[in-house]
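Please look through the sequence and the model shown below before reading on.

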Amino acid sequence: MQRGSDRLNVHRDDEMKHELKGLLRSGHPTRAEEWHDPEPAADDDPEVTGGPVGGIGSPASLEKVRLELARSLNRSAFPARPGELVSALRRDNAPDPLVDAVAELPRGERFRNVQQLAEALSGGG
């Protein structure tokens with residue numbers, strides 16, 4: 001007999017996995033009512049770091065930029081030019097420093113995906 005400190009039983013665990021399956025697969029909230037969705041992080045929340053912090057051009061900086069972009073842009077936004085991406089970021093209420101950085105990119109460039117855009121912004125690649 002298992003005696004753990006788990007307060008939930010096996011059936012409740014399975015029920016919770018089923019409730020989160022759509023969110024985990026799609027990467028965005030899947031509820032119809034907005035009040036069901038978890039509250040996003042606020043701009044003034046402290047950053048939680050999960051590894052070494054690097055400067056511009058470091059892998060840590062690239063990861064951070066890519067994460068911020070992925071929060072606001074989805075696959076349907078690409079391929080796109082910087083002006084189109086700025087509009088998409090503003091529509092999704094992205095942080096102003098991120099929008100300003102994308103706006104400063106050369107207008108003639110065309111980005112195929114988030115990775116290309118993150119590399120251009122972080123100076124890596």
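## Contacts along the chain

What share of the contacts in the protein with a separation of 6 or more comes from residues 24 or more positions apart? In this predicted model, residues 24 or more positions apart account for 52% of those contacts.

## Overall build

The protein holds five helices and zero strands, so that, read from the N terminus on, its elements follow the order α-α-α-α-α. Of the 125 residues in the protein, 21% are buried, and the protein exposes about 10100 Å², of which carbon and sulfur atoms supply 50%.

In soluble globular proteins, nonpolar side chains tend to be buried together. Here the largest nonpolar core has 20 residues, and those with the most contacts inside it are Leu69, Leu73, Leu85, Val102, Leu117 and Leu121. At least two residues of this core come from each of helix 2 (59-72), helix 3 (82-91), helix 4 (96-103) and helix 5 (114-122).

Leu20 lies in helix 1 (residues 10-26). Because its relative accessible area is 43%, Leu20 counts as partly exposed, and a residue needs over 30% to be part of a patch.

Note on methods. Residues numbered from 1 in each chain as written. Predicted model: local features only at pLDDT ≥ 70, side-chain atom pairs only at ≥ 80, totals over all residues. Heavy atoms only, no water. Helix = DSSP H or I, 4+ residues; strand = E, 2+ residues; numbered from the N terminus. Buried < 20%, exposed > 50% of the residue type's maximum accessible area, 1.4 Å probe, protein only. Contact = heavy atoms within 4.5 Å. Areas by Shrake-Rupley, 256 points an atom, 1.4 Å probe, with all protein chains shown as cover. Core = buried A, V, L, I, M, F, W, Y, C linked by side-chain atoms within 4.5 Å.
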